[in-house]
Amino acid sequence: YPLQALADCLTHQGYTTQFLPLPEQAPLDAYLHTLTQRHHITASSVVLGWSLGGQLTSLLAERTQCRLITLASNPQFCSDASWAYGMQPEAFERFYAKQQTQPVQNLQQFAALTGLQDASSHTKAHIKHLKAQFTSLSEPEQAMHLLHLHWLRSLNTRSVLANLPTPQLHIWGDVDALIPKHMADALILPPQACTHIVTGASHLLPLTHSSECADTIAQWLAVQ
């Protein structure tokens with residue numbers, strides 16, 4: 001849902017888009033291999049990912065040497081001694097534990113957090129719509145959410161971004177409650193990498209600021 005508005009804007013600008021599924025089971029390498037083969041991702045492709053999807057598409061770009069775009073994505077979501085720009089591990093473990101015991105409440109609280117402080121006049125409606133998708137969870141859906149949290153906790157794609165030889169664009173919102181301030185400045189990126197900060201945008205920026213994101217992407221693609 002958060003990426004649909006951005007996909008519509010890109011389609012309106014003449015780009016062909018297709019959605020890729022998030023992993024539903026481990027191992028991750030098999031998932032990446034299947035995506036590459038099934039969706040014909042090659043060096044001429046452009047992969048775009050939001051949040052956790054940004055980390056996964058970074059791995060796809062590394063595998064296929066294609067162009068990469070990430071939105072509201074932290075390459076290492078949990079902090080450690082070498083990375084101060086992530087969620088504290090203790091806080092993440094509390095979130096993970098609550099997802100096991102109170103999944104619906106946890107996801108609805110997360111939905112509210114994604115749009116916190118966003119300047120868009122439609123943010124409240126977007127959050128309400130997002131929350132409505134989490135009124136109940138089947139066992140497979142719960143297992144999938146826990147798997148995604150596992151990847152969010154364990155993935156570190158900082159070195160992937162630092163060494164990726166192909167063009168990359170990273171877009172963040174300046175009021176994103178899930179991305180620590182100054183994280184973008186701390187990233188080590190190659191010279192061909194580009195970054196863009198969307199003023200007044202939260203973690204939901206591909207939804208709340210879809211037009212600006214699409215314009216930024218189109219301008220970047222025009223010179224790649």
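A72 has a relative accessible area of 1% and is therefore buried, where buried denotes under 20% relative accessible area, exposed over 50%, and partly exposed the range in between, as computed with a 1.4 Å probe on protein chains only. The structure is a predicted model, in which local features need pLDDT of at least 70 and side-chain atom pairs count only at pLDDT 80 or more, whereas totals for chains, interfaces and linings use all residues. Residues are numbered from 1 along each chain as its sequence is written, and side-chain values use heavy atoms, with hydrogens and water left out.

A72 lies in the loop between β2 and α4, the helices (H or I, at least four residues) and strands (E, at least two) being DSSP runs numbered from the N terminus. The phi angle of A72 is near 50°, a positive value in a residue other than glycine. A positive phi, near 60°, is also found for Q65, again a residue other than glycine; Q65 belongs to the loop between α3 (52–64) and β2, and with a relative accessible area of 33% it is partly exposed.

The loop between β2 (67–71) and α4 (89–101) also holds N74, which counts as buried because its relative accessibility is 3%. The side chain of N74 is joined to that of W83 by a polar contact of 3.4 Å, a polar contact being a pair of N or O atoms within 3.5 Å of which, within protein, one must be able to donate a hydrogen and the other to accept it, while residues adjacent in sequence count only if both atoms are side-chain atoms. When residues up to four places away in sequence are not counted, N74 touches Q55, W83, Y85, G86, I179, P180 and M183, contact meaning heavy atoms within 4.5 Å.

The axes of helix α1 (residues 4–12) and helix α11 (residues 210–221) come within 9 Å and cross at roughly 50°, where axes are lines fitted to C-alpha atoms, for helices over the stretch in contact, and angles run from 0 to 180 degrees between N-to-C directions. This angle makes α1 oblique to α11, given that angles under 35 degrees count as roughly parallel, over 145 as roughly antiparallel, 65 to 115 as roughly perpendicular and the rest as oblique. The crossing of α1 and α11 is right-handed, a term used if the near helix is turned clockwise from the far one by less than a right angle, with left-handed used if it is turned anticlockwise. A5, L6, C9 and L10 of α1 make the contact with S210, S211, C213, A214 and I217 of α11. By class, this contact of α1 with α11 comprises seven nonpolar, two polar and no charged residues, with Ala, Val, Leu, Ile, Met, Phe, Trp, Tyr, Cys and Pro counted as nonpolar, Asp, Glu, Lys and Arg as charged, and the others, Gly among them, as polar.

For helix α5 (residues 103–114) and helix α6 (residues 123–132), the packing angle is about 160° and the axes are 9 Å apart, which means that α5 is roughly antiparallel to α6. The crossing of α5 and α6 is right-handed. On the α5 side Q108, A111, A112 and T114 meet I127, L130 and K131 in α6, and by class the contact of α5 with α6 has four nonpolar, two polar and one charged residues. Helix α6 also contains H126, which counts as buried at 16% relative accessibility; not counting residues up to four places away in sequence, H126 touches Y1, L207 and T208.

Two further residues were considered. L149, in helix α7 (residues 139–154), counts as buried at 10% relative accessibility and touches F92, F95, Y96 and Q99, residues up to four places away in sequence not being counted. Q192, in the loop between α9 (183–186) and β4 (194–198), counts as partly exposed at 27% relative accessibility. Its contacts, with residues up to four places away in sequence not counted, are L164, P165, T166, P167 and Q168, and a polar atom of the Q192 side chain lies 3.1 Å from the backbone oxygen of P165. The C-alpha atoms of Q192 and Q4, 188 residues apart along the chain, are separated by 28 Å.
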